[in-house]
Amino acid sequence: MNKLATFMRATYIGRALIPIGLILMVVSIFVFRAVDHTSDFKKVEAVVSRLEPAEEEYTDNEGQHHDATDTVYMKYTVDGREYEEEYGVFSGYKVGEKKTISYNPLNPTEIAQPTGIWLPIVMLGGGAVLFAGGIISLIRAAKKQKALKKQEEEW
């Protein structure tokens with residue numbers, strides 16, 4: 001077997017992990033920016049004003065039960081003016097239920113669902129671990145190749 005084929009076979013894990021790790025880290029930056037865009041939003045107490053059925057409850061082919069979902073509309077007041085906006089599709093909300101929501105102070109009709117910073121952090125950490133694992137894998141493969149070459153020369 002030629003040396004290139006042997007090297008390629010020995011390094012395939014590292015060659016796969018490094019780009020996957022890099023892609024995950026880059027995507028985490030975009031996810032962080034999406035989460036961060038609501039950092040200037042202000043909080044206000046809102047009331048679920050109405051629900052419109054989005055999907056009925058069902059059981060899928062694998063036996064997994066899925067609850068019914070509704071498009072949730074929230075009513076809230078900013079600077080004495082009342083707004084009613086679509087909040088998203090959820091299950092378990094009741095009309096009249098109070099929730100704290102975030103709205104854009106520059107455009108109070110823009111409301112945001114609660115988001116967490118954990119997803120981009122986990123993605124960044126996972127990408128870094130995969131990237132480091134790929135580097136370690138390449139180093140081990142190179143050491144193994146060197147040891148095999150040394151052993152071959154001794155014969």
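**Salt bridges and surface patches**

Glu52 has a relative accessible area of 32%, so it counts as partly exposed (buried is under 20%, exposed over 50%, partly exposed in between, with a 1.4 Å probe and protein chains only). This is a predicted model, in which local features need pLDDT of at least 70 and side-chain atom pairs pLDDT 80 or more, while totals for chains, interfaces and linings use all residues. Residues are numbered from 1 along each chain as its sequence is written, and side-chain values use heavy atoms, without hydrogens and water.

Glu52 forms a salt bridge with Arg50, with 2.6 Å between the closest N and O atoms (a salt bridge is a side-chain nitrogen of Lys or Arg within 4 Å of a carboxyl oxygen of Asp or Glu). Arg50 also meets Glu84 in a salt bridge, at 3.4 Å from N to O. That pair links strand S1 to strand S5 (residues 81-90), 34 residues apart (strands are DSSP runs of E, at least two residues, and helices are runs of H or I, at least four, numbered from the N terminus).

Lys98 pairs with Glu45 at 3.9 Å between the closest N and O atoms.

Phe32, Ile117, Trp118, Ile121 and Val122 form a nonpolar surface patch, with about 520 Å² of accessible area together (patch residues have over 30% relative accessible area and no salt bridge; nonpolar side chains, Val, Leu, Ile, Met, Phe, Trp or Tyr, are joined within 5 Å, like charges within 9 Å; areas come from the Shrake-Rupley method with a 1.4 Å probe, and for residues only the protein chains shown count as cover). Helix H2 (residues 118-154) gives the most to this patch, with 3 residues.
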